[in-house]
Amino acid sequence: MLTVVKISQGRGPFYKVEFSNGEKLRLSEDTVVRHRLLKGQELEKKTLNEIKQEGKEDMGYQMALNYLSYQLRTEKEIRTYLKDNEIESTDRQKIVDRLKEMDLLNDLVYSESFIRTQMRLGDKGPRVLQQKLKQKGVKDSDIQQALYLYEGDEQYQVALHTAQKALRKFHHNSQREVQQKLQQLLMTKGFSSDISKQVLAEIDFSEIEEQENDALELQGEKLWRKNQRFEPAKRRQKVKQSLYQKGFQLDQIDAFIRGKEEEDE
């Protein structure tokens, strides 16, 4: 027979229990209460082994509850967390089952909360959000059900806000290049081509258009200096080609080049 030598309050919801054979266990309050552990209590070796097994599972369960107290988690995140904290595989499964029974672990609820938060605060389209949820281990059926919350109008509003915010960063570019950059940005963030087209049709590019001549001058000056080592005809061709690729109009480009050539004469 073994005897409980000492019980003391440990860190968090745990107790430190010492036995007469020298073993010291970190047990949850649930385990201590369940086995009515008191100082001086005698136990058989078999009972101690049961307590040790329950204690490992209970410890993992308490750790999982603490992990969940900060924010919602997916099943995969919980399993990974428990594994990283050296909770055994069989105990991890029991803990996940307990959390599900208490409705503390639900990938569909997590996905819906994730989508709502991204709709309110983020700048990502459904394609990127789908990828992120998949990386978190959520199954496709839960992802698709959650994405029903993110319908066309909501996508449009988020995409429009994202494009308008990005528009402020695009200075010294042609209107056509800005449109291309915005379209690429929206596609990269996971919005469909249809949503991107709707957003671009709504954006006011008048300020960009007004600044286009200044942008051409700035870009053109850099290119004119960069290509100064070439003979005049080739220099003219390279500058013209580069500016056209940047979205500037041919008549604007020709006027700029004529001006630079007159300056050089």
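Which residues does Val199 touch, not counting residues up to four places away in sequence? Val199 touches Tyr156, Ala159, Leu160, Ala163 and Leu186, where touching, or contact, means heavy atoms within 4.5 Å. The points below start from the basis of the model and then return to Val199.

1. Basis. This is a predicted model, in which local features need pLDDT of at least 70, side-chain atom pairs count only at pLDDT 80 or more, and totals for chains, interfaces and linings use all residues. Residues are numbered from 1 along each chain as its sequence is written, and side-chain values use heavy atoms, with hydrogens and water left out.

2. The largest core. Val199 is among the residues with the most contacts inside the largest nonpolar core, which has 27 residues. The others named with Val199 are Ile115, Leu133, Leu182, Phe191, Ile203 and Phe205. A nonpolar core is a set of buried Ala, Val, Leu, Ile, Met, Phe, Trp, Tyr and Cys residues joined through side-chain atoms within 4.5 Å. Buried means under 20% relative accessible area, exposed means over 50%, and partly exposed lies in between (1.4 Å probe, protein chains only).

3. Two or more of the core residues come from each of helices H5 (107-121), H6 (126-135), H7 (140-147), H8 (152-167), H9 (175-188) and H10 (193-202). Helix H8 gives the largest share, seven residues. Helices (H or I, at least four residues) and strands (E, at least two) are DSSP runs, numbered from the N terminus.

4. Helix H8. This helix has 16 residues and reaches 22 Å from its first C-alpha to its last, close to the 22 Å expected at 1.5 Å a residue. The expected span is 1.5 Å times one less than the number of residues. Buried residues of H8 include Tyr156, Ala159, Leu160 and Ala163, and these four are also touched by Val199.

5. Four strands form an open sheet in the order S3-S2-S1-S4, with antiparallel pairing. Strands S3 and S4 (42-43) are at the edges, and each pairs on one side only. Two strands pair if DSSP finds at least two bridges between them. Five bridges join S1 (residues 2-9) to S2 (residues 14-19); Val4 has Phe19 as its bridge partner in S2, and Ser8 has Lys16. Two bridges join S1 to S4, and in S4 the bridge partner of Thr3 is Glu42.

6. Ser28. This residue is found in strand S3 (residues 24-28). Is Ser28 buried or exposed? Ser28 is buried, because its relative accessible area is 1%. Beyond its neighbours up to four places away in sequence, Ser28 touches Pro13, Phe14, Asp58 and Gln62. A polar contact of 2.9 Å joins the side chains of Ser28 and Asp58. A polar contact is a pair of N or O atoms within 3.5 Å; within protein, one must be able to donate a hydrogen and the other to accept it, and residues adjacent in sequence count only if both atoms are side-chain atoms.

7. Glu77. Helix H3 (residues 75-84) contains Glu77. Glu77 counts as buried because its relative accessibility is 17%. Leaving aside neighbours within four places in sequence, Glu77 is in contact with Tyr67, Leu72, Tyr110 and Lys136. The side chains of Glu77 and Lys136 are joined by a polar contact of 3.2 Å.
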